[in-house]
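Me: I would like to go through this structure by question and answer. Please begin with a term that will be needed for the strands.

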Amino acid sequence: MARRFLPWVLIPLLAVLILVPVGFMFLGAFMSGALADPEARLTLEKVAAVYTTLPYLRTLASTLAIALLVAGIATAGGVFMAWLSSRTDLPARPVMETCIIAPLFLSPFVGAIAWLVLGSPKAGLVNVLARAWFGATGPVVNVATPAGIVLIMALYYLPYAYLTVSAALRNMDPAMEEAAYLNGSGVLGTALKVTLPVVRPALISAFFFIFVLACGTFAIPAVLDRSSQVRFLAVDVFQASATYPIDYGTAAAIGTLLFWISVLGIAAYQFASRAARRFVTVTARGYRIRLVRLRLLRLPMVGLVGVYVLLAIVLPYLALAWSAFARPGGNVLAPVWTLANARGVLGSAEVAGATMNTLEVGLVTPTICVALGMLIAYAVRRLRVPGAKALDYITMFSIAVPGIVFGTGVFWTYVLTPAYGTIAVLILAFLASYLPFAYRIGDTALLQIDRALEEASSLCGAGHARTLARITLPLARPALLSAWIMVFIFSVREISAAVLLTSSDNVVLSVLSFNYLDYGDVPKAAIVGLLQTALLAAGVIAGRFVFRVRLARQV
Amino acid sequence: MSELSVRDLVVRYGDVLAVDRVSFTVAEGEFVSLLGPSGCGKTTTLRCIAGLESASSGEIRIGTDRVVADGHETPPEKRGVNMVFQSYAVWPHMSVFDNVAYGLRTRSMPAAEITARVTEVLRLVGLNGYGARYGTELSGGQQQRVAVARAVVTEPRLLLFDEPLSNLDAGLRERMRFELLALQRRLGRTSVYVTHDQAEAMVMSDRIILMHQGRVVQESSPRDLYERPASRFAAAFVGNANLIEAELVASHGNDRHTIRLPGGLELQGHAASAGWQPAARVLVCIRPENIEPAPNGHSATVVRASYLGPIQTVELDAAGLTLRADIASRTKIAQGDRLSLHISPEAVVLVAED
């Protein structure tokens, strides 16, 4: 029964959720004005401008250049860290691993605010201190430059490469490397001639994944480069639809350009992941690989991980704390600490409202997302419903759609409906973005449940529903919980779609923080950023210690 | 009245014919094995009986119910059969008691009766006192017992076994064979047992159905299967065999024949079926243990002798023909020895070419 009936519910639902917004964005790109405008007509003007004229092509080139650099640097760093943690005698490796992946659970947007506090050319803490202590004249660091943007993006995307590559290293048959040692290769020779080539597909897939993420990143360039000297497509989408002169058609047209880049990047990513799966050489033998002795390099390597953690977590949060709790306008070298500022911000009605909105989005989105993702996975993998392929494609399709592009599409779709400007519309946009994650985790969980466990249940007389409720779901519970926590984190820190869809009623913490920043009130932005981080940390801690979820394995 | 009847069962995966017109019946209380190499269709056949796999065509009857017929299939939960899986499929999130009670709870049986029946079955499989343990805390052999208990507690009309012993180590596997058989005899359940292990099938079954490439190639008692193989495949798959292409010299009625092996050695033999003509090329099966040293027999030279403990396996050259013989170890044999051999006419079987 359910087999025949499910696709007729799921396919239209997914189409509305995922395909319709993308369709409306394309429609919007060909409109001369907003949908409500009676004068609006179809035109090629905007698309022609975006795809063929110089300012946009220059933005495209600089976006691609930045994204490629970010992907290259983050992948190289991730590979090296993965090799360190899985092939050497680095001390305290579990702690090191936790440190390396921790930035994944933080908000890159909040990190960007922190780096603005640290490294803006004039008032940045680092530059102020360098002037005071070392008598530096010009800025020592300047994050409002292409190099600054690239490095800070790489800082926050490095854990993705680390996870992908360390999974490949774990799955690699250690005998391959042992054979290289026995054939006379040294540590470096083995790493470069055997290890690296074997994990190369994983490395390439990490590269393209980060490339796509970087292309669609809005928060980091928008925050770091307030004067928009460095052109970036995602920032242009926002500016076209949020700053004067507002031009939703151009925003949509830039969105389509960004969409095509992502599609290409994801295609390359999937091609590489398929190759990576071919390279997986899982062996049943559980012996550990001989670890490379770092000897004298042990401490420097710990120091290297330490520097990463310092740059990605410690310095940024120190800077946020300074910004939040030091009396504004005071001496940097002798700050006067005060809670007044924080109290004022946290006690305000807009912060209370944004917190409630964030919690609402953060609780509703993962719940629906995980339930829907699991249902699709069950329909595709277990019930083998007719149209299973289509379900799979539509669900995975949104992986190729950056958040800001979805934001544009959802805007065009719902702008004339009463849903526009509500929290519901945010949830719709987030659901579409995060469904592939929940679906993939659910699918992997099903894949790992031996079918015989479910078959035994039906032979004991249980129907589909009872088998699902008593056997499948309880066995998939750990995976579902970690999917929930992941989507919770994504939803709480999301900014790019939220900032496009914002109204007075649905402001979430990230958008509020962004607005404060827009008025130039960095301390307020920092306080809201810290509050948002506290929510994220609560989610991670609940997942880790209450539900015993292993988050790192699920990304 | 047969309890299970499978008629013209066909399972097709695209172009591959996994099960090709398989037909057989199993009588009430009978223990029948489906034996064959991997990929022969035996597991697919079993899963069709259970309802876990769809038949492309054919009919399956359990008792008086037609569970597969004319494109209609009764879902597995309504067939009244139960199965012991190769991987045991013990649910890791439930205790042993809950695992076994699952099928009874599905039938909404009163709790007191469930407790009584589960306790009884756990005692029967030797797991009393283990009810509160979890599946993951048990050894392979114990998980196996849980799986058996869970399958028999619902009193299925038909008990199915999918290579249940293949994941156990050798010693335990041998013990479990006898335990399973004793349990089946005690409960008197009609059973179908899938295995690729001929010794397992021999020990346990009333009847063995030998399958090859999706078809039934022989259906007989364990003794007949070994002593009177109907085909080259049956002779080669079950036990060791000297399979020799020979010439039929003369027939003496009663399916007694004289045959001449390559090299000129003449032997008396018999055939399982009629219709053999003199001067025909035939295939002869001689089991190695039936080649015995005896005075005044055929002479042969020892090419190689390997000592295996109770027996030694000896490669012989008899007038240019290579034979393998299993000879009791008390006779001392060395390479180069000349032996005199006796081969009983009962041990020489004419086999049809496949």
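Reply: Two strands pair if DSSP finds at least two bridges between them. The model discussed here is predicted. In it, S10(B) and S11(B) pair over five bridges, in the antiparallel sense. One residue with a bridge partner in S11(B) is B:His212, and that partner is B:Arg215.

Me: How confident is the prediction, and what pTM does the model score?

Reply: The average pLDDT of chain B is 90, and 99% of its residues score at least 70. For the model, the ipTM is 0.82 and the pTM is 0.84.

Me: How many strands are there in chain B?

Reply: Chain B has 354 residues, 41% of which count as buried. Its C-alpha atoms fill a box of roughly 75 × 50 × 35 Å along the principal axes. Among the contacts in chain B between residues at least 6 apart in sequence, 65% join residues at least 24 apart. The secondary structure of chain B comprises eight helices and, as the number of strands, 20.

Me: What distance separates the centres of domain 1 and domain 2 of chain B?

Reply: Chain B divides into domain 1 (2-231) and domain 2 (240-351). Four residues of domain 1 of chain B are in contact with four residues of domain 2 of chain B. On the side of domain 1 that touches domain 2, two residues are nonpolar, one is polar and one is charged. Taken over C-alpha atoms, the separation of the two domain centres is 39 Å.

Me: Which elements of chain B give two or more residues to the side that touches chain A?

Reply: Between the chains, 18 residues of chain B are in contact with 16 residues of chain A. By class, the side of chain B that touches chain A has nine nonpolar, six polar and three charged residues. The elements of chain B that give two or more residues to this side are strand S7 (81-84) and helix H2 (96-106).

Me: In the open sheet of six strands in chain B, which strands stand at the edges?

Reply: The order of the six strands is S7-S8-S9-S3-S10-S11 in chain B, and the pairing is mixed. An edge strand has a single partner strand, so one side of it is left without a neighbour in the sheet. Two strands of chain B meet this description, namely S7 and strand S11 (215-220).

Me: Which residue of S8(B) stands opposite B:Asn82?

Reply: S7(B) pairs with strand S8 (residues 158-162) of chain B in the parallel sense, over four bridges. In this pairing, the residue of S8(B) opposite B:Asn82 is B:Leu159.

Me: Is strand S10 of chain B largely enclosed by the rest of the structure or left open, and what is the bridge partner of B:Ser33 in S10(B)?

Reply: Strand S10 (residues 207-212) has five of its six residues buried, so it is largely enclosed by the rest of the structure. Strand S3 (residues 31-35) of chain B pairs with S10(B) in the parallel sense over four bridges. Within S10(B), the bridge partner of B:Ser33 is B:Ile208.

Me: Which residue in the turn of the hairpin formed by S10(B) and S11(B) has a positive phi?

Reply: The hairpin of S10(B) and S11(B) has two residues between its strands. A positive phi of about 50 degrees is found in this turn at B:Gln213.

Me: In the sheet of four strands, which residue of S18(B) stands opposite B:Gln312?

Reply: The four strands form an open antiparallel sheet in the order S18-S17-S16-S19 in chain B. Strand S18 (321-328) and strand S19 (338-343) of chain B are the edge strands, and the twist averages 55 degrees from one strand to the next. Strand S17 (residues 311-318) of chain B pairs with S18(B) in the antiparallel sense over eight bridges. The residue of S18(B) opposite B:Gln312 is B:Ile327.

Me: With which residues is A:Thr422 in contact, leaving aside its neighbours within four places in sequence?

Reply: A:Thr422 lies in the loop between helix H17 (403-414) and helix H18 (423-448) of chain A. With 16 other C-beta atoms within 10 Å, A:Thr422 is partly exposed. Its C-alpha atom is separated by 10.0 Å from that of A:Asn357, 65 residues apart along the chain. Leaving aside neighbours within four places in sequence, the contacts of A:Thr422 are A:Asp505 and A:Asn506.

Key: Residues numbered from 1 in each chain as written. Chains lettered and ligands numbered in written order. Predicted model: local features only at pLDDT ≥ 70, side-chain atom pairs only at ≥ 80, totals over all residues. Contact = placed C-beta atoms within 7 Å. Nonpolar A, V, L, I, M, F, W, Y, C, P; charged D, E, K, R; others polar. Domains from an automatic or database assignment. Axes fitted to C-alpha atoms, helices over the stretch in contact; angles between N-to-C directions. Buried ≥ 20, exposed ≤ 12 C-beta atoms within 10 Å, placed from the backbone. pLDDT = per-residue confidence, 0-100.
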